[in-house]
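Here's a quick walk through the fold, sheet by sheet, with a stop at one helix pair on the way. Have the viewer open and follow along.

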Amino acid sequence: MLTSHADGVITMKLTRVLQKTALATALMGTALGASAQEYHIGVTVPAAEHGWTAGLSWWAQQATEELTEKHPDVSFTVLSANSGTAQVANVEDLMIRDLDALVILPYNPATLQSVISEAYEEGIYTVVVDRELETPAQNVFIAGDNPGLGEQAARYIAEELGGEGNLLVLEGPPIPINSQRVDAFNQVMENYPDINILASQNTDWNAQQALSVTEDLLGSNPEVDAIWAGDDDVLIAAIQAIEENNRDDIQLVVGGGGSQRVIEMIRSDHPIVKGTVTYPPSMIASAIALAVHGVKGERLGDMYHGVPSRMILAADLITADNVEEYYEPDAAY
Amino acid sequence: MNPLPQRTTPLAQRFRRLPWNAAILAPLAALILLFVVSSFASEYFLNTRNLSNVLRQVSYTGIIAIGMTFVIIAGGIDLSVGSMVALVGVAVLYVLNTITDPLQAVILAMLAAVVGGALLGLFNGLLVTRGRIAAFVVTLATMSIFRSLALYFTDAAEVTTRNPLFSEVGGGFVLGIPIPVWTFFLLAIVSHVLLFHTAFGRHVCAVGANAQVARYSGIRVERVVLSAFLIAGVCVGLSAIMLTSRLNSVSPSDAGYFYELDAIAAVVIGGTALSGGRGTVWGTVIGALILGIINNMLNLTGVSPYLQGLVKGAVILLAVLLQYKRTP
């Protein structure tokens with residue numbers, strides 16, 4: 001039959017194509033291997049599938065570029081994963097490449113636990129970001145302040161409403177991060193008996209879900225003074241629902257996260273979006289900086305100690321008064 | 001009544017010869033080239049630990065891809081395998097955490113995985129054969145159902161285990177080779193024998209090539225299709241054991257995420273026709289290895305994470321183009 005001839009043709013074609021790929025890959029390889037760097041730091045984050053994680057990737061790239069210039073003896077590899085198991089493979093692959101430090105925002109902590117422990121036990125300087133492991137296996141843990149986020153938002157809303165009014169709360173999925181935010185929020189609100197929380201519902205921190213949840217809540221609650229969204233993507237969706245339903249009873253909407261879109265709204269004096277609280281994806285940038293200093297055994301600034309083992313970034317309230325400080329037009333979140 | 005052996009043998013031999021020659025040489029050449037290129041592109045590639053990592057990473061989806069090969073050759077497809085990994089994984093962790101004796105728990109959990117996978121595969125198969133629904137539609141639905149059940153049973157939370165023995169199964173080594181890799185290769189050998197040296201294997205090919213003709217020649221088409229889905233389910237069970245024990249936990253939202261696509265890609269790169277009727281287990285093994293090495297190379301050379309999907313997609317397209325261009 002014609003099989004054997006066809007096979008020859010296929011193999012030849014394949015060879016040609018693969019030769020080209022080989023050349024490209026080889027070039028990439030040499031470009032990376034050329035400079036003899038002393039420290040190699042691997043970074044792995046969840047893939048950009050939500051505003052916040054997109055911000056994470058942007059800040060990881062930004063920080064590695066800036067830090068490479070400042071520290072020529074350090075090289076970086078940034079990887080992202082679209083699932084926890086893919087991230088396990090990321091860490092395994094990074095560990096092959098003479099890794100000195102690992103910076104990881106675990107996709108889901110339990111899945112990553114064993115491989116992070118392996119890296120840490122091998123003496124790789126490990127920085128875990130945002131999501132804490134059940135069994136600690138790291139030199140540094142750095143995260144945002146989830147209870148602080150809820151607390152700041154609650155104080156601001158209570159103050160702006162003058163201690164009385166009707167409130168809707170748009171929550172995240174039932175995970176610890178969300179309950180920390182919402183519990184702290186409710187705790188502050190207990191001091192304001194005249195503020196009435198009409199409903200507190202899960203939006204999965206997903207814009208589409210948030211849109212329909214807000215529509216339903218607005219439909220069943222004719223008198224609403226303020227809305228707190230625990231996430232800025234949710235806030236944008238809520239604003240859309242408010243505008244589409246022509247609701248002018250709502251005076252105030254406060255978010256969480258500190259996305260550039262919401263920051264721009266605050267900056268351009270939006271009639272109801274007046275504040276948000278930071279939970280910055282730039283924490284990955286600080287985490288990478290900590291790894292650089294940590295792996296070199298350096299101190300931070302004028303500190304008398306090495307890099308601390310736990311670091312919680314403050315939850316800052318952003319309003320028209322201080323919005324310029326947080327304005328970063330190029331950032332992805 | 002029954003077809004004469006002399007008449008079936010040449011037909012079966014044609015099934016056997018076609019895929020072996022045409023479909024396996026191209027992927028094999030690609031694999032060898034990729035291997036050589038990789039060894040030059042990264043000084044770390046040939047590191048023994050890296051090679052054993054790659055093989056282990058490949059084995060989870062590779063095991064599933066072997067099961068998928070049977071389903072696809074039989075003319076079907078199984079989109080539910082990824083969600084099935086999560087559901088079976090949840091069952092494994094449940095059994096582990098319910099039984100106190102560690103050894104007993106591990107044995108029963110592994111048994112539960114295989115039986116559970118088989119039952120879920122059987123469920124798919126029955127809907128396809130008895131329910132007369134297209135495999136694509138059935139498994140699209142069960143993909144959603146299995147994932148949903150896994151999330152429901154766990155409240156979407158990750159489940160971990162403190163069983164001291166369990167992590168040895170997927171994390172352990174025999175003769176320096178990870179246990180999941182042994183499982184993958186042994187399964188491949190068994191499956192190859194099943195597909196090419198038994199009547200059942202010839203029937204799978206015949207059913208996929210033309211179900212009507214197969215039926216007229218006395219093959220019990222329904223039973224063959226059902227068995228193919230059952231095999232896929234058992235493979236998912238094995239993969240779930242390896243994966244959950246390597247991670248010592250299961251995440252219902254994450255376990256097996258997109259595994260169906262990786263498995264189908266491995267099968268297709270390996271030269272099995274998506275239209276069914278012909279294909280090889282070795283092709284699938286090679287396809288899985290190609291995908292694994294590409295993933296590993298992209299990570300080792302630090303290619304932008306945004307571009308990795310493009311490279312993988314391009315390789316799949318390339319592999320299929322090269323193989324199918326020749327068929328008129």
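One open sheet in chain A has six strands, ordered E7-E6-E8-E9-E10-E12, and its pairing is mixed. At the edges sit strand E7 (195–202) and strand E12 (317–318) of chain A, each with a single partner strand, so one side of each has no neighbour in the sheet. Keep in mind that this is a predicted model.

Inside that sheet, strand E8 (residues 226–229) and strand E9 (residues 252–254) of chain A run parallel and are joined by three bridges. One such pairing takes A:Trp228 to its bridge partner in E9(A), A:Val254.

Now the other sheet. It is also in chain A, an open one of six strands in the order E2-E1-E3-E4-E5-E11, and here the pairing is parallel. E2 and strand E11 (310–312) of chain A are its edge strands, each pairing on one side only. From one strand to the next, the twist averages 15 degrees.

Is strand E2 of chain A buried or exposed? Eight of the eight residues of E2(A) (residues 74–81) are buried, so the strand is largely enclosed by the rest of the structure. As a reminder, side chains in a regular strand alternate between the two faces of the sheet. Here A:Val74, A:Phe76, A:Val78 and A:Ser80 point one way from E2(A), while A:Ser75, A:Thr77, A:Leu79 and A:Ala81 point the other way, and all are buried.

The partner of E2(A) is strand E1 (residues 39–46) of chain A: the two run parallel, with eight bridges between them. Getting from E1(A) to E2(A), the chain passes through helix H2 (residues 51–70) of chain A, and this β-α-β crossover is right-handed.

| Helix (chain A) | Strands it lies across | Angle |
|---|---|---|
| H3 (residues 84–96) | E1, E2 and E3 (101–104) | about 160 degrees to E2(A) |
| H5 (residues 146–160) | E7, E8, E9, E10 (273–277) and E12 | about 170 degrees to E9(A) |
| H7 (residues 207–220) | E6 (165–171) and E7 | about 155 degrees to E6(A) |

For chain A overall, the secondary structure comes to ten helices and twelve strands. Of its 333 residues, 50% are buried. Among contacts in chain A with a separation of 6 or more, 73% come from residues 24 or more positions apart.

Over to chain B for the helix pair. How do helices H7 and H8 of chain B cross? The axes of H7(B) (residues 179–196) and H8(B) (residues 199–209) come within 5 Å and cross at roughly 70 degrees. Angles of 65 to 115 degrees count as roughly perpendicular, and H7(B) and H8(B) are therefore roughly perpendicular to each other. On the H7(B) side the contact uses B:Leu194, B:Leu195 and B:Phe196, and on the H8(B) side B:Phe200, B:Gly201 and B:Val204. By class, that contact of H7(B) with H8(B) has five nonpolar residues, one polar and no charged ones.

Note on methods. Residues numbered from 1 in each chain as written. Chains lettered and ligands numbered in written order. Predicted model: local features only at pLDDT ≥ 70, side-chain atom pairs only at ≥ 80, totals over all residues. Buried ≥ 20, exposed ≤ 12 C-beta atoms within 10 Å, placed from the backbone. Helix = DSSP H or I, 4+ residues; strand = E, 2+ residues; numbered from the N terminus. Pairing = 2+ DSSP bridges. Right-handed = clockwise from strand over helix to strand, strands pointing away. Axes fitted to C-alpha atoms, helices over the stretch in contact; angles between N-to-C directions. Parallel < 35°, antiparallel > 145°, perpendicular 65-115°, else oblique. Contact = placed C-beta atoms within 7 Å. Nonpolar A, V, L, I, M, F, W, Y, C, P; charged D, E, K, R; others polar.
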